[in-house]
Amino acid sequence: MTTKEKDAEYIVHTYARFPVVLVSGKGSILVDEDGKEYIDMGSGIGVNIFGAADEEWEKAVKAQLSTLQHASNLFYTVPCAELAEKLCKKTGLKKVFFTNSGAEANECAIKAARKWACENKGAEYFNIVTLVNSFHGRTLATLAATGQDAFHKDFLPLTPGFLYAPAGDAAAVEKLVAENKCAAIMFEAVQGEGGVVALGGEFVNALDEIAKKHDLLLIADEVQCGNGRSGKYFAYMNYGVKPDIVTTAKGLGGGLPIGATLFNERTQDVLTAGTHGSTFGGNPVAAAGAVSIVDRLTDEFMDEVAAKSDYVVKMLTGAKGITAVTGMGLMLGVSVTRGADAVLADLRDEGVLVLKAKDKIRLLPPLNIGWKELEKAVEIILKVCAK
Ligand SMILES: *Cc1c(COP(=O)(O)O)cnc(C)c1O
């Protein structure tokens, strides 16, 4: 049986996979089972932020792998503590809880927000306001947090305690928190799965003001838009707000599963011994890799991300067959007149792998993609969209 046949026979059909079997890669070039090369404009949904088989990351991972692969959180481990220190110093946040995925990082944030509200406002203040078209994960609580009915269908009843307001509508958020007993407001500074939409400074600052006025926590889901992708370490930093809880995952591990929930001075002591945990969370191999990633997300590096973003936006905006370019940094959504599926298929034929978000093309290249590869990818995207 071929890989595709085995997959069809033995793997649950939850993914509408692209018809490509990827076997290897180097930097921003991926190779399929037939030896065909592609420019990677998706980085495994924003995970391989330094591309495939990045040497520095690989060295850090391999060194830890042959030292100690796992210890459990019953013991201290070196990479985990080192990564927490780096994340706090980089962001000004105070403490970290490590998970294995974005959904788990958000679960942790939701639990912490409820416990904080329980202790500071009363047990009935459990509601969390999220946004329409948000995406926060696939577990029952994060699915409930996700403001898209399409994901909820057939899985009811979901975890109660989530209310949805349209993104951009501060009055709707204000109304929800005034009429319901709430613990927090949760947002993605750039909505990813919802169509690569940057929320904008005005609205994010309005969320911050509403949270302050009603004594709520502000939770930033930086699972996709974090870790340098927006041109700042976290995307909310583009808007000047200071969330009480920040979640991240995807790019943090550079390719290995790790997530983190970060807390500020207001929330750092909410979760106490025995109130939360994870067997694999903060695994030393994943954490060692993440240390090598976080170290390299310097201001100079992120300026380069912003420069690459400006280039792509300038080249694609107003081009034939392209009606809009949205997003921020190297997280961009492209609306195309031909329809995203046709464009994706043609791009694959031409050797460029991109993603989809709603009816848009989604670009999430490795952050260190070379100018040569980026220019080539843009050239092919322009050609395919104009067809
Ligand atoms: C991908 C994503 C998640 C879920 O992360 P998993 O690692 O798939 O659990 C949560 N929030 C946002 C914004 C995401 O993009």
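Guide: The answer below takes the helix pairs in turn, then the ligand, then the backbone.

The model is predicted, so local features are given only where pLDDT is at least 70 and side-chain atom pairs only at pLDDT 80 or more, while totals for chains, interfaces and linings use all residues. Residues are numbered from 1 along each chain as its sequence is written, and side-chain values use heavy atoms, with hydrogens and water left out.

Helices (H or I, at least four residues) and strands (E, at least two) are DSSP runs, numbered from the N terminus. Helix H13 covers residues 371-386 and packs with helix H12 (residues 340-349) at an angle of about 135°, the two axes being 10 Å apart. Axes here are lines fitted to C-alpha atoms, for helices over the stretch in contact, and angles run from 0 to 180 degrees between N-to-C directions. That angle makes H12 oblique to H13. Angles under 35 degrees count as roughly parallel, over 145 as roughly antiparallel, 65 to 115 as roughly perpendicular, and the rest as oblique.

From H12, Val-343, Asp-346 and Leu-347 make the contact, and from H13 the residues are Ile-380, Ile-381, Val-384 and Cys-385. Contact means heavy atoms within 4.5 Å. By class, this contact of H12 with H13 has six nonpolar, no polar and one charged residues. Ala, Val, Leu, Ile, Met, Phe, Trp, Tyr, Cys and Pro count as nonpolar, Asp, Glu, Lys and Arg as charged, and the others, Gly among them, as polar.

H13 also meets helix H11 (residues 299-316), where the axes come within 10 Å and cross at roughly 20°. H11 is therefore roughly parallel to H13, and this crossing is right-handed. On the H11 side, the contact residues are Glu-304, Ala-307, Lys-308, Tyr-311, Val-312, Met-315 and Leu-316; H13 supplies Trp-371, Leu-374, Glu-375, Val-378, Ile-381 and Leu-382. They divide into 10 nonpolar, no polar and three charged.

Another pair is H3 and helix H10 (residues 284-296), with axes 8 Å apart and an angle of about 150°. H3 and H10 are therefore roughly antiparallel, and H3 passes H10 in a right-handed crossing. Glu-56, Trp-57, Ala-60, Val-61, Gln-64 and Leu-65 of H3 meet Pro-284, Val-285, Ala-288, Gly-289, Ser-292, Ile-293 and Arg-296 of H10. The classes here are eight nonpolar, three polar and two charged.

Now the ligand. The residues around the ligand include Ser-101, Gly-102, Asn-106, His-136, Glu-188 and Asp-221, where being near takes a heavy atom within 4 Å. A polar backbone atom of Ala-103 is 2.8 Å from an oxygen atom of the ligand. From the side chains, a polar atom of Gln-224 lies 2.7 Å from a ligand oxygen, and an N or O atom of Lys-250 is 2.7 Å from a ligand oxygen.

Last, the backbone. A cis peptide bond, with omega about 0°, joins Leu-156 and Pro-157; Pro-157 is in the loop between helix H7 (149-152) and strand E6 (162-165). Ser-72 is not a glycine but has a positive phi of about 80°, and sits in the loop between helix H3 (55-65) and helix H4 (78-91). Asn-133, also not a glycine, has a positive phi of about 75° and lies in the loop between strand E5 (127-131) and helix H6 (140-145).

Conventions:
A crossing is left-handed if the near helix is turned anticlockwise from the far one by less than a right angle, and right-handed if clockwise. A polar contact is a pair of N or O atoms within 3.5 Å; within protein, one must be able to donate a hydrogen and the other to accept it, and residues adjacent in sequence count only if both atoms are side-chain atoms.
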